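Please open the model in your viewer and keep the selection panel at hand. The stops below are meant to be taken in order.

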Amino acid sequence: MAEMKLYEVFIRAKSGLNHRHVGSLHASDAQMALLNARDVYTRRKEGVSIWVIEAEKITASNPEQEHEWFDPAEDKVYRYPTFYPLDKEVENM
Amino acid sequence: MTGQFNNPALHSYLLRLADTSLTMGQRLAEWCGHGPYLEEDVALTNVSLDLIGHANIFYQLAAELHEHPITADDLAFLRDAHEYRNPIITELPKGDFAYTTLKQYFIDVFNVHLYQALSTSSYEPLALAAKKALMEVKYHRKRSEAWVERLSLSTEEAKTRSQKALFDLWFYTPELFETDAAMDELFVQGVIADYTEIKTIWHQQVEAHLQHCQLTLPESGWVATGGLQGEHSEHLGYMLAEMQFLQRAYPGCEW
């Protein structure tokens, strides 16, 4: 198991939808990760396409910085389209 | 081809297909909870269930051709070792992971070509069953082929074990392609595959892959035979004893 790497698995449930993260698994190489993902995550026809990526190749934001990164968006209501009143003449938008 | 009732040759051939898949599936099931790591444990038992599923279909087809009313379960659980018609290689103990992997690879390549050929059988129920199984065995082959390569080109220990598995298993493979007079007759009728052709393709593809994996074929050894006639190794009896225990002890038991 020492040589095993962690892979993150993404599955497209049906064509037209995005790939979604479903979990992770261990494998020694990308091909093994793909085959294992097929067996572990699509046993019940959960998908039509699989992506796997080495977990360490993903650059992630730091959970410790969650507040300084994301909280400022909280009170900026003008970033939502609903903040702006529309003219009565505009029926559908 | 229609009107297959009371066709003992076809019944018997379907049993060969079914017994081969069932014994293979049962051996793989022994890995449940013992796989080298979690993901592979799931994968091995997935393949096991696929194979048992194929066996179930072939037993059902065989049961339909039986002269007496009989079920797929009767055929799987109430026949003794000498009535089983699988080649000996599928009943061999599971061994280590390299051994299981190589054995699986040999059978997977064989199955791909066998079901490909059977999918054009003149006996339509068999052609349909083969088409369904073909999709799954193609995936099995992809898996085991990759594993043979991964093991034999990795650490010294994995390479040594793979090479040993090849020495131990190689002379069990000729039996896969054996036919008897009844099968030859079915072939003439367009019902079953051309085993000579499958043998040629199998050898081309398997030997090329083994060479790529830097594994050496043994030059000579004892060549297994007999499964088709119901002459098996000692291992089958033990396997059936375990597999059939419940049905034998509690006849008709369901759950």
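In which crossing, left-handed or right-handed, does helix 4 of chain B pass helix 5 of chain B? Before answering, bear in mind that this is a predicted model, and select residues 97-118 of chain B for helix 4 together with residues 124-152 of chain B for helix 5. The crossing of helix 4 of chain B past helix 5 of chain B is left-handed, and the axes of these two helices of chain B come within 7 Å, crossing at roughly 145°.

Next, show both chains and select the place where chain A meets chain B, where 14 residues of chain A are in contact with 12 residues of chain B. The area buried between chain A and chain B is about 1,300 Å², and carbon and sulfur atoms give 54% of that area.

Now select Asp29(A) and Arg150(B), whose side chains meet in a salt bridge at 2.7 Å, N to O; the count between chain A and chain B is 1 salt bridge. Between chain A and chain B there are also 7 residue pairs in polar contact, with both residues at pLDDT 80 or more.

Finally, stay on the side of chain A that touches chain B, to which strand 2 (19-27) and helix 1 (30-41) of chain A each supply at least two residues. Helix 1 of chain A gives the largest share of that side, with 7 residues, and the residues of the side as a whole divide into 6 nonpolar, 4 polar and 4 charged.

How values were computed: Residues are numbered from 1 along each chain as its sequence is written. Chains are lettered from A and ligands numbered from 1 in the order in which they are written. This is a predicted model: local features need pLDDT of at least 70, side-chain atom pairs count only at pLDDT 80 or more; totals for chains, interfaces and linings use all residues. Side-chain values use heavy atoms; hydrogens and water are left out. Contact means heavy atoms within 4.5 Å. Buried area is the accessible area (1.4 Å probe) that two parts lose on being put together, summed over both. A salt bridge is a side-chain nitrogen of Lys or Arg within 4 Å of a carboxyl oxygen of Asp or Glu. A polar contact is a pair of N or O atoms within 3.5 Å; within protein, one must be able to donate a hydrogen and the other to accept it, and residues adjacent in sequence count only if both atoms are side-chain atoms. Helices (H or I, at least four residues) and strands (E, at least two) are DSSP runs, numbered from the N terminus. Ala, Val, Leu, Ile, Met, Phe, Trp, Tyr, Cys and Pro count as nonpolar, Asp, Glu, Lys and Arg as charged, and the others, Gly among them, as polar. Axes are lines fitted to C-alpha atoms, for helices over the stretch in contact, and angles run from 0 to 180 degrees between N-to-C directions. A crossing is left-handed if the near helix is turned anticlockwise from the far one by less than a right angle, and right-handed if clockwise.
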